[in-house]
Amino acid sequence: MLQFLAAPFAASLILTGIHAYLGVHVVERGVIFVDLALAQIAAFGATIAILLPFAGGDPHGPGVYWMSLGFTFIGAAVFALVHSERARIPQEAFIGISYAVASAGAILVMSQSTSQAEHLKDMLVGNILAVSWPEVYHTAGLYLAVGLFHLVFRKRFLLISTDRARAVAEGASVRWWDFLFYASFGFVVTSSVAIAGVLLVFCYLIVPSVGAMLFSRRIGPRLAIGWTMGTVVSMLGMYFSVAFDLPTGATIVCTFGLVLIVMAMVKAIAFRSF
């Protein structure tokens, strides 16, 4: 079992590492569903590409990846442009609309496919157990590059996420930095969706960050708690999946929910005891 789960577990650790960090930014910015929307947009692009001749029907082919990434960049540009402190329509409205349209578009495109049910399942919860070591190495290299990019510009990204008004007052080109954030986010999401599916990617992004916020307000401890939670949940979810013959993606998603409930209960009990 350990040999069988080695590559999927390594992939889950990589997903945990980058998504727990990005989740801190997403929660601080108050755009909780941006990951879900970008993931669905990426899946929509991949769905279209699969039916085109150049993709050859291979969902993991390079043509599908670049089409998916292109759609994600379009979404990143839209989300960066529609954000404004004086806008009458909140950014979350555009994010929700994007998710709904991308979901409906994917369903319409899949209606032309003979394997629409299987593709819908893979799009939502993926098949992380099928990940190979070459995919793990490729994903790790890509996420390392994104991580280094954020490390270099971490002060600017954190300032915009935590104190946008101050960033504007300092003369930062906020919309340009927003686009860079969402574009780098798009690189991550495009690869993540191909491995884990839309719902699991959303959980890796949001749930560890929310769980960490129960116990700390500081960025460092929140990252440590989020990474620990993601690692433990990945181990438990994969074990339950194999032991009880359950779909892996859906099992990990539900495990995330259960662990978050346990963390909330521990927080409530600890708070009451003091």
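What share of the contacts in the protein chain with a separation of 6 or more comes from residues 24 or more positions apart? The figure is 77%, where contact means heavy atoms within 4.5 Å.

Before you start clicking: this is a predicted model, in which local features need pLDDT of at least 70 and side-chain atom pairs count only at pLDDT 80 or more, while totals for chains, interfaces and linings use all residues. Residues are numbered from 1 along each chain as its sequence is written, and side-chain values use heavy atoms, leaving out hydrogens and water.

**Whole chain**

Switch to a cartoon view. You will find 12 helices and 0 strands; helices (H or I, at least four residues) and strands (E, at least two) are DSSP runs, numbered from the N terminus. Now show the surface: the protein chain exposes about 13500 Å², and carbon and sulfur atoms supply 71% of that. These areas come from the Shrake-Rupley method with a 1.4 Å probe, and for residues only the protein chains shown count as cover. Of the 274 residues, 48% count as buried. Buried means under 20% relative accessible area, exposed means over 50%, and partly exposed lies in between (1.4 Å probe, protein chains only).

**The core**

Next, select L22, V26, V34, F79, Y182, F185 and F256. Among the 72 residues of the largest nonpolar core, these touch the most other members. Helix α1 (residues 2–29) gives this core its largest share, 12 residues. A nonpolar core here is a set of buried Ala, Val, Leu, Ile, Met, Phe, Trp, Tyr and Cys residues joined through side-chain atoms within 4.5 Å. Zoom in on F185: setting aside neighbours within four places in sequence, F185 contacts L22, V26, D35, L38 and L205.

**Charged pairs**

Stay with side chains and pick R164 and D178. They form a salt bridge, with the closest N and O atoms 2.6 Å apart. R164 belongs to helix α8 and D178 to helix α9, so the pair ties together parts 14 residues apart in sequence. Are these two side chains buried or exposed? R164 is buried at 15% relative accessible area, and D178 is buried too, at 1%.

The structure holds 5 salt bridges, each a side-chain nitrogen of Lys or Arg within 4 Å of a carboxyl oxygen of Asp or Glu. Move on to E170, whose side chain meets R166 at 3.0 Å, N to O, and R156 at 4.0 Å, N to O. R156 sits in helix α7 (residues 154–162), and E170 in the loop between α8 (164–169) and α9 (174–196). E170 is partly exposed at 46%, as are R166 at 47% and R156 at 27%.

**Cysteines**

A search of the whole structure finds 0 disulfides, a disulfide being a pair of cysteine sulfur atoms within 2.5 Å. C203 is buried, at 9% relative accessibility.

**Last stop: the surface**

Bring the surface back and colour V232, L236, Y239, F240, F244 and L246, which make a nonpolar patch of about 540 Å². Patches use residues with over 30% relative accessible area and no salt bridge; like charges are joined within 9 Å and nonpolar side chains (Val, Leu, Ile, Met, Phe, Trp, Tyr) within 5 Å. L246 lies in the loop between α11 (219–243) and α12 (248–273) and is partly exposed, at 40%.
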